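Thanks for coming, everyone. Please have the sequence and the model open while I talk. I will go sheet by sheet and then turn to the loops.

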Amino acid sequence: MENLEVLTYGFALSSDQGAFGYSTNSLLTVGGNKILIDTGPSSRRNILYRALAERNLGTEDIDIVILTHLHWDHCQNTDLFPNARILVHPTEFDYAKNPNRHDHAAAQYMAEHIAKMKIELVSEGDRVVEGVSIVETPGHTKGHISVLVEEDQEKLLLAGDAMPDGGTVSRGLPYNIFWDVSDARDSVEKMVDISRVFYPGHDRPFRLEGETINYIHGPENLEIFNSTEGGATTSLTFTVGAHRHVNIDTVQKPA
Ligand SMILES: [Zn+2]
């Protein structure tokens, strides 16, 4: 019997001073196995501790960490889980050892740190535990993976940034592509073929019914705190666009 919960919900927030990097981090419990999918940015470390504590868990209780990819906002807290086996795709791990210097989301020290942990390289079809397997979904990054959970009647896909938001379905593309547009498009098609329920990297979980995205759970609001005291920003502007531009500035796959 599987249980899937979101520990920290993802948001697709950005600013003219950079992205917030709030990724979705989920806890999957299968039998006695506690599996964490993505660990999130260090800015949310305390929120992650709290979410685990609310479930009477500490970081030492996590048996397996699956990293969808090695962007900072998905893997920065991996050091908190020294007991866990760390699952990552070999292509992703290789790339992270020497990332392109224009790739603002990957850093060499991520690979160096994970190399000191109990790393295990996984690829297409590998079974993690009963009912949980790896699906290769490259494009957003070179070695991106997603996690397929097969329940009694239904398949769920923890999609990471191969499908960062609900809008990915209508665009046919994630909104940031660091490796290849064609691979990214193929990965979206593959995911929609496999599953109807998605846990995106930077959005609430949703069910796809026909063309319609029905969110399942998660916060619809986010509060930003600010103060004018001490020379801080005196105002904030919040701009919401109906559509999201697909950023391909960092595409790297050789033509
Ligand atoms: Zn990413």
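Predicted model: local features only at pLDDT ≥ 70, side-chain atom pairs only at ≥ 80, totals over all residues.

β5 and β6, the latter at residues 64-66, pair in the parallel sense. Three bridges hold the pairing. Leu36 is bridged too, and its partner in β6 is Val65. How does the chain get from β5 to β6? It passes through helix α1, residues 45-53, and this β-α-β crossover is right-handed.

β4 pairs with β5 in the antiparallel sense, over five bridges. Ser26 stands opposite Ile37 there.

β6 and β7 are parallel, with three bridges. Val65 stands opposite Ile86 in β7. β7 and β8 are parallel as well, over four bridges. In that pair, Arg85 has Lys118 of β8 as its bridge partner.

Put together, this is an open sheet of six strands. The order reads β1-β4-β5-β6-β7-β8, and the pairing is mixed. Which strands stand at the edges? They are β1, residues 2-8, and β8, residues 118-121. Each has a single partner strand, so one side of each is left without a neighbour in the sheet. From one strand to the next, the twist averages 25 degrees.

Back to α1 for a moment. This helix lies across β1 and β4. Its direction is at about 145 degrees to β1.

Seven strands form an open sheet, ordered β9-β10-β11-β12-β13-β14-β15. Here too the pairing is mixed. β9, residues 127-129, and β15, residues 212-215, are the edge strands. Neighbouring strands are turned by 30 degrees against each other on average, direction ignored.

β13, residues 197-200, and β14, residues 206-209, run antiparallel and are joined by two bridges. Val197 stands opposite Arg207 in β14.

Which helix lies across this region? Helix α6, residues 181-194, lies across β10, β11, β12 and β14. It runs at about 160 degrees to β12.

Now the packing. The largest nonpolar core has 49 residues. Those with the most contacts inside it are Ile35, Val65, Ile66, Leu67, Leu70, Leu87 and Ala159. A second, separate core has five residues, including Val6, Leu7, Tyr9 and Leu52.

What does Leu70 touch, leaving out residues up to four places away in sequence? The list is Cys75, Val88, Glu92, Ala96, Ala106, Met110 and Ala111.

Two of those names come back in helix α3, residues 90-97. The buried residues of α3 are Glu92, Tyr95 and Ala96. They cover an arc of only 100 degrees around the axis, which puts them on the same side of α3. As background, an α-helix has 3.6 residues a turn, so residues three or four places apart point the same way. What covers the buried residues of α3? The cover includes β7, residues 85-88, and α4, residues 108-115.

Asp38 sits in the loop between β5 and α1. Its phi is near 70 degrees, a positive value in a residue other than glycine. Is Asp38 buried or exposed? With 29 other C-beta atoms within 10 Å, Asp38 is buried.

Asn56 is in the loop between α1 and β6. Asn56 is not a glycine either, yet has a positive phi of about 60 degrees. Buried or exposed, this time? Asn56 is exposed, with 7 other C-beta atoms within 10 Å.

That is my tour. Over to you.

Key. Residues numbered from 1 in each chain as written. Core = buried A, V, L, I, M, F, W, Y, C linked by C-beta atoms within 7 Å. Buried ≥ 20, exposed ≤ 12 C-beta atoms within 10 Å, placed from the backbone. Contact = placed C-beta atoms within 7 Å. Pairing = 2+ DSSP bridges. Right-handed = clockwise from strand over helix to strand, strands pointing away. Axes fitted to C-alpha atoms, helices over the stretch in contact; angles between N-to-C directions. Arc of directions from axis to C-beta.
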